[in-house]
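Hi everyone, thanks for coming. Let me put the structure up, and then I'll talk you through a few parts of it.

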Amino acid sequence: MRNFSVLDLRTKGFYPPPFSVRDRMAERFDAIVVGAGPAGSAAALTLARRGFSTLLVERGRAPGAKNMFGGRIYAWPLAGLVPDWRKDCPVERAVTRETLAFLTEDTSLALTFDSPQTLQDAGASFTAIRATFDAWLAKKAEAAGATLIAGIRVDDLWREDGRVRGVVAAGGDRVASDLVVIAEGAASVLVRKAGLKADLEPREVSVGVKETIELASETIQERFGVGEGEGAAHVYAGQASMGLRGGGFLYTNRSSVSLGLVVSSEDLSLRKISIEELQTKFRLHPAVQKLIKGGKVVEYSAHLVPELGAGMSPRLTADGVIVAGDAAGFLINNGYTFRGVDLAIASGIAAGEAAEAARSAGGMSASNLKVYEDFLRSRNVTTDLERFSRTPLYLKNARLFDLYPRLLIEIAERMYRVDGTGQSRLLEAVLRETKSADVPKLRLLLDLLAGARSM
Amino acid sequence: MSSAPPVRQSTKPLRIVACIKQVPKAEELQVDPKTQTLKRVGVPSEINPPDANALEIALSLKDRHGAEVTVLSMGPTSFDEALERAVAMGADRAVLLTDRILGGSDTVPTAYALSETITHLGGYDLILCGEETTDASTGHVGPGIAGHLGIPQITYVSELLLEDGGVRARRTAEDGTEWWRARMPCLATVNFGCNSPRDPSLTGKIRVKRGGLVTHRSCADVGIDPTKVGLLNSPTIVAKVDTVRLPSRTGKVFRGDPKEAVRQLLEALRADRVILP
């Protein structure tokens, strides 16, 4: 065993001089995807299928561990990515009932749309839990050949001579690649380090909070009037956000509901209201209480939500770089639907397609990657974003969140109230309320027009 | 010195073996109230913290001088998790000695089996172990390995330097620290908390994913004598484990006039001899 002599070691310079272990062990891939959320996993899956050696790096201890969203996913882009997704996708409930509700302090006015569509529909949507959904999609990427590494933070792009050569991970560890797909989410550090976007401004982001409240699945089916496997999606305006720009949501999972708010961070700081306070008031609103009564809050989460709108998005490509998902500001909040995950998945697919096209065109230069924008358009990501691009501005109109919900409810109250003092006809009710409300008719008309146009 | 073995090539790096154990996470330790033994199933686990300190010494020697670090453990295949983490931190390879006949081994067979495995693996210059494990706290295994191999050992080491074919190590003693020298090959057991073990790196995790760096050995592979291991060949038995139950705390809020409340609080603290009159 002691197969060498101590004397040998005495020779000066026995031990090799210090050298960089990192250089010796340098790893390289064709593409590195940063973030194993829906955008990142969709990009990694698409890239791996197209023959790219792909590294998918996730900061959380597992995909989905750090992610947050309202709770609902529009399924359309999944069909192209995982054709048999219905077989094992961790769906909580298929959404069959949509409700838009306006709240005042103690009343609510709701519009409900029953659409008994199943998951088989092209327009299907479902509720999901990110810890399981993201893990599922990341697994598909792994099955396609991508290398998934979780629990590692990527600190920077590895740049040399103005070119991106890979990523720099925590501890200064470098891994090389021709392409980096940034799919880091709303608070992406890399888009800023890549010089694709300046620091986030408060007006560009909202704050999202969500409570997961446990309820028996029979209770959910009873209270929301849905069958087994069916679910409800509620969007709340008005007092839900105490008149601040934003709104509330409630989605039913199998045996829990996701209840939360998305509120302008600018308004929160201007009005000095804490989001916890808003969420508590919202949870205690009678219209919400009756749905969640007896439930137990088992999880609380908060996250930034990009409110960039198409006009303020970061640049989407650079030499060796593509930006996808929330990091690119791909989120639509038009007042009655919140869309993020579907756009993320579609943009991830587009990123993979763009990489393949760029490879055929000779490399991952910015000019070759520009084709990403065409793929985004053909997948209706940017087209939808542009269509609703006025929405963020329209939603900036505070009257929409405060005055108009109150107005609508007062009209409803006049219509339905019979107390012997004389009932109003609909038109009378509308005219009387708009007159007494402190808003000029012209202003109201313009707002309505702006709203109709953007929605 | 005609009898000296052939001179090693100077490019051949130092060979370090770091012995680690996977233990239930310290903050999640639970004693089964029925069996009075540690719960090991369904509890999050980690590299035994002193072993992680030993591994960190091995890896920083590798950073400074270049070394080949082999991580060794003995236990069920669930220990792969700790071994993979060790490779992701920067170890070159990891070996798990795993065999049913090892079940129930106490520190005597364990030290024997590990020393046989180290011999089986080939040459070594330095063996590093944690001072003890957080789940058994005997501190036997490291010295036991050194005994079986017949090599010098330095225990309770918090710093280790290479010099002239040997090591110089700072040893924690009851009343201060001592500096010891030993020629290599030798063994050191490392103090808990003497350094901060690095996190796994991206490159390290990729190497683990690529596979082949964590391998298993059975007793037969190594040539371990089955009559020297296992529960029956372990001289110690756990006779009884007592759990200490902390007295429950009661809170008391002193209300009313602040001056009066503070006076009452002080009185109560004096009565309980928390403060002196």
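Before we look at a pair of helices, you need to know what an axis is here: a line fitted to C-alpha atoms, for helices over the stretch in contact, with angles running from 0 to 180 degrees between N-to-C directions. Helices (H or I, at least four residues) and strands (E, at least two) are DSSP runs, numbered from the N terminus.

Some housekeeping. This is a predicted model, where local features need pLDDT of at least 70, side-chain atom pairs count only at pLDDT 80 or more, and totals for chains, interfaces and linings use all residues. Residues are numbered from 1 along each chain as its sequence is written, while chains are lettered from A and ligands numbered from 1 in the order in which they are written.

Okay, the helix pair. In chain B, helix α3 (residues 107-121) packs on helix α4 (residues 141-149) at an angle of about 55°, and their axes are 8 Å apart. That makes α3(B) oblique to α4(B), because angles under 35 degrees count as roughly parallel, over 145 as roughly antiparallel, 65 to 115 as roughly perpendicular and the rest as oblique.

Who touches whom? Contact means C-beta atoms, placed from the backbone, within 7 Å. On the α3(B) side the contact includes T107(B), L114(B) and I118(B), and on the α4(B) side it includes V141(B), G144(B) and L149(B).

Next, strand β1 (residues 14-19) of chain B. Is it buried or exposed? Mostly covered: 6 of its 6 residues are buried. Buried means 20 or more other C-beta atoms within 10 Å of a residue's own, exposed means 12 or fewer, and partly exposed is in between, with C-beta atoms placed from the backbone. L14(B), I16(B) and A18(B) point one way, R15(B), V17(B) and C19(B) the other.

And its neighbours? Strands pair if DSSP finds at least two bridges between them. β1(B) runs parallel to strand β4 (residues 67-74) of chain B, joined by 6 bridges, and there L14(B) has A67(B) as its bridge partner. With strand β6 (residues 126-130) of chain B there are 4 bridges, again parallel, and V17(B) partners I127(B).

One more helix: α5 (residues 202-210) of chain B has 7 of its 9 residues buried, among them K205(B) and R207(B). Just after α5(B), G211(B) takes a positive phi of about 90°.

Finally, chain A: 19 helices and 19 strands, with buried residues making up 49% of its 455 residues.

Methods. Contact = placed C-beta atoms within 7 Å.
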